[in-house]
Amino acid sequence: MYDELASKSNVEYIAGGATQNSIRVAQWMLQTPGATSYMGCIGKDKFGEEMKKNAQAAGVTAHYYEDETAPTGTCAVCVVGGERSLIANLSAANCYKSEHLKRPENWALVEKAKYIYIAGFFLTVSPDSIQLVAEHAAANNKVFLMNLSAPFICEFFRDAQEKVLPYADYIFGNETEAKIFAKVRGWETENIEEIALKISQLPLASGKQKRIAVITQGADPVVVAEDGKVKTFPVILLPKEKLVDTNGAGTH
């Protein structure tokens with residue numbers, strides 16, 4: 001299917017994935033070439049080459065681990081009338097190894113970074129890589145940010161999540177993820193403000209001072225919990241005619 005789509009004349013390639021989307025947005029906001037870096041896994045194929053070319057064009061310094069056996073992960077996106085439909089094949093995205101992270105030229109990116117963001121999805125791939133980076137951030141007074149990413153991460157990867165969340169200065173999620181996060185911990189509430197507050201007050205790793213929890217709710221106000229207090233921020237609604245497409249929506 002992906003080859004068939006790639007043969008179309010109006011195909012657009014975007015260096016995607018939840019975390020890479022977030023990094024590209026950060027890069028666009030900073031407007032300084034090379035201000036951001038990204039690591040992930042691709043295959044040695046034409047889609048991998050497209051990924052490298054696209055990330056470079058976005059100004060992101062990308063150091064990809066190139067897997068010999070799996071093809072580059074792809075996600076076919078069909079946009080009709082501003083609405084999207086997605087079909088994903090994660091493939092090489094599931095093959096990242098911490099050995100790549102430990103290489104001097106790659107670890108140098110970690111040492112250079114002031115803010116480090118990792119999606120919860122990566123807990124299914126290389127939790128040891130997350131732990132290495134999280135401990136580095138704590139030891140060097142850097143800001144470490146994580147995303148709950150999906151209800152199934154909160155439900156079925158709780159042990160791995162519990163191990164790394166104490167290092168997180170910021171935890172992001174949406175209302176569905178937050179409710180599942182609360183449910184598996186027996187908090188017996190679906191009130192998003194209460195859940196955000198509880199997330200912000202979870203135990204912290206040594207060297208961490210406080211945590212900020214940010215929960216999005218689609219078009220409803222964003223909930224932010226910090227220092228025992230909760231604030232809400234209204235979402236500015238766009239007229240439907242101004243929507244280009246919703247691809248990337250949900251990428252916190």
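The side chains of K52 and E49 meet in a salt bridge, with N and O 3.0 Å apart. A salt bridge here is a side-chain nitrogen of Lys or Arg within 4 Å of a carboxyl oxygen of Asp or Glu. Side chains of opposite charge can pair when their charged atoms come close. Both K52 and E49 lie in helix α3, residues 46-57. They are three residues apart, about one turn of the helix. An α-helix has 3.6 residues a turn, so residues three or four places apart point the same way.

This is a predicted model: local features need pLDDT of at least 70, side-chain atom pairs count only at pLDDT 80 or more, and totals for chains, interfaces and linings use all residues. Residues are numbered from 1 along each chain as its sequence is written, and side-chain values use heavy atoms, with hydrogens and water left out. Helices (H or I, at least four residues) and strands (E, at least two) are DSSP runs, numbered from the N terminus.

How exposed are the two partners? K52 is partly exposed, at 27% relative accessibility. E49 is partly exposed too, with a relative accessible area of 45%. The classes are simple: buried means under 20% relative accessible area, exposed over 50%, and partly exposed in between (1.4 Å probe, protein chains only). K52 also forms a salt bridge with E66, where the closest N and O atoms are 3.2 Å apart. K52 lies in helix α3 and E66 in strand β2 (residues 61-67), so this pair ties together parts that are 14 residues apart in sequence. E66 counts as partly exposed, at 29%.

Now move along the chain to E162. E162 forms a salt bridge with R185, and their closest N and O atoms are 2.9 Å apart. E162 sits in helix α8 (residues 158-164), and R185 in the loop between α9 (175-184) and α10 (192-200), so the pair ties together parts that are 23 residues apart in sequence. E162 is partly exposed, with a relative accessible area of 36%. R185 is buried, at 14%. The structure holds nine salt bridges.

E188 is exposed, with a relative accessible area of 81%. Its phi is positive, about 55°, although E188 is not a glycine. Most residues other than glycine have a negative phi, and most peptide bonds are trans. D227 has a phi near 55° as well, again positive in a residue other than glycine. D227 lies in the loop between β9 and β10 (229-233). At 54% relative accessibility, D227 counts as exposed.

Look next at α10 itself. At its start, a side-chain oxygen of N191 reaches to within 3.0 Å of the backbone nitrogen of E193. Which residues of α10 are buried? They are I192, I195, A196, I199 and S200. Seen down the axis of α10, these residues fall within an arc of 135°, so they line one face of the helix. The arc is that of the directions from the helix axis to the C-beta atoms. The buried residues of α10 pack against β7 (170-174), α9, β8 (212-217) and β9 (220-226). Contact means heavy atoms within 4.5 Å.

Another buried residue is I118, at 11% relative accessibility. I118 lies in strand β5, residues 115-119. Leaving out residues up to four places away in sequence, I118 touches I130, V133, F144, L145, M146 and N147. I118 and A168 are 50 residues apart in sequence, and their C-alpha atoms are 9.9 Å apart in space.

Step back to the whole protein. The secondary structure comes to ten helices and ten strands. Buried residues make up 40% of the 252 residues. Among contacts between residues at least 6 apart in sequence, 63% join residues at least 24 apart. The C-alpha trace spans about 55 × 50 × 35 Å along its principal axes. With 252 residues, a compact globule would have a radius of gyration near 18 Å; the protein has 19 Å, which agrees. That radius is taken over C-alpha atoms, and the globule rule is 2.2 Å times the number of residues to the power 0.38. The accessible surface comes to about 14,300 Å², of which 54% belongs to carbon and sulfur atoms. Accessible areas come from the Shrake-Rupley method with a 1.4 Å probe; for residues, only the protein chains shown count as cover.

Notes
A polar contact is a pair of N or O atoms within 3.5 Å; within protein, one must be able to donate a hydrogen and the other to accept it, and residues adjacent in sequence count only if both atoms are side-chain atoms.
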